[in-house]
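Please look over the sequence and model shown here.

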Amino acid sequence: MSQHDADDLQTRAAKTLAIADHLIRIASGVESDEWLSRYPTIRTALAEGRFVDAVRENWKLDNPKHRPKWVAPRDVKKRLDQALGTLAHDLGLPNIGRVEIRLDDFPATAEERGTIEQERLRLDQEQFERYSDPMEKDPRYAAAIAEVDKRVERELADDPLNGGLGFCHVVWSLKKQILRDTYGIDWKSLADRFPDTFFD
């Protein structure tokens with residue numbers, strides 16, 4: 001490795017360390033202890049010039065078996081992954097290729113751009129808006145539908161299929177039946193409205 005390449009590697013490692021520091025700072029008090037215990041290891045390896053160790057520690061986090069639940073904003077974690085991937089490329093390790101390492105436009109807190117959970121809820125709401133029966137949004141039926149949703153949840157809490165593949169159809173069937181028999185409401189499930197789509 002030439003001196004120029006070594007200098008470039010040090011510069012990229014310093015930027016990667018800055019990203020790791022920022023990620024740890026905004027995640028403190030938000031992420032689980034399991035998560036927080038892993039990223040300082042990456043940070044320490046970067047600070048000590050053990051770049052291969054830093055990359056390998058990050059690889060471990062990509063194993064679903066060991067991955068803690070993520071909370072902090074996705075874009076900061078993605079940028080750290082990209083920076084470590086660039087280091088891996090420069091070190092001749094398996095990698096995703098080189099990308100520009102940017103240190104700008106970071107959220108100041110985990111909440112500034114919304115946590116992963118908030119992002120998931122927003123996407124869920126967008127899907128609800130897109131796919132739900134218009135009746136779900138009609139104030140004339142909202143109270144009855146909300147009450148039936150709670151009843152269905154209670155009645156199916158101990159169902160052996162609860163949480164399993166195809167359980168949504170059990171929920172929809174019961175909801176449809178109660179709304180029809182008790183309230184005279186002809187509610188349509190996703191399966192009813194999108195018969196060519198597979199729902200599990």
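## Helix 6 and its packing

The buried residues of helix 6 pack against helix 7 (167–183). Contact here means heavy atoms within 4.5 Å. Helices (H or I, at least four residues) and strands (E, at least two) are DSSP runs, numbered from the N terminus. This is a predicted model, in which local features need pLDDT of at least 70 and side-chain atom pairs count only at pLDDT 80 or more, while totals for chains, interfaces and linings use all residues. Residues are numbered from 1 along each chain as its sequence is written, and side-chain values use heavy atoms, with hydrogens and water left out.

Which residues of helix 6 are buried? They are Ala144, Ile145, Val148 and Val152. They cover an arc of only 100 degrees around the axis, which puts them on the same side of helix 6. That arc is taken from the directions between the helix axis and the C-beta atoms. The face turned away from the buried side carries the exposed residues Pro139, Ala143, Lys150, Glu153 and Arg154. Buried means under 20% relative accessible area, exposed over 50%, and partly exposed in between (1.4 Å probe, protein chains only).

The length of helix 6 also checks out. Its 17 residues (139–155) should span 24 Å at 1.5 Å a residue, and the end C-alpha atoms are 25 Å apart, which agrees. The expected span is 1.5 Å times one less than the number of residues.

## Salt bridges

Side chains of opposite charge can pair when their charged atoms come close. The structure holds 10 salt bridges. Each is a side-chain nitrogen of Lys or Arg within 4 Å of a carboxyl oxygen of Asp or Glu.

Asp192 pairs with Lys176, with the closest N and O atoms 2.7 Å apart. This pair links distant parts of the chain: Asp192 sits in helix 8 (residues 190–193) and Lys176 in helix 7, 16 residues apart. Asp192 is partly exposed, at 36% relative accessible area. Lys176 is partly exposed too, at 24%.

Asp53 and Arg50 meet in another salt bridge, at 2.8 Å from N to O. Asp53 has a relative accessible area of 32%, and Arg50 has 33%. Both count as partly exposed. Lys188 forms a salt bridge with Asp186, where the closest N and O atoms are 2.7 Å apart. Lys188 is partly exposed, at 29%. Salt bridges that share partners join Glu48, Arg50 and Asp53 into one network.

## The largest pocket

How many residues line the largest pocket? There are 23, of which Cys168, Val171, Trp172, Lys175 and Leu190 lie nearest its centre. Helix 5 (116–131), helix 6, helix 7 and helix 8 are the elements that give two or more residues to this lining. Helix 7 gives the most, with five residues.

The volume of the largest pocket is about 560 Å³. On a 1 Å grid over the protein atoms alone, a pocket is an open set of points where a 1.4 Å probe fits, with protein on both sides within 12 Å along at least five of seven lines; lining residues have an atom within 4 Å of a point. Grid points are joined across faces, edges and corners, and the volume is the space filled by probe spheres set on the points.

## Overall make-up

The protein chain has eight helices and zero strands. Along the sequence, the pattern reads α-α-α-α-α-α-α-α. Of the 200 residues, 34% are buried. Among contacts between residues at least 6 apart in sequence, 62% join residues at least 24 apart.
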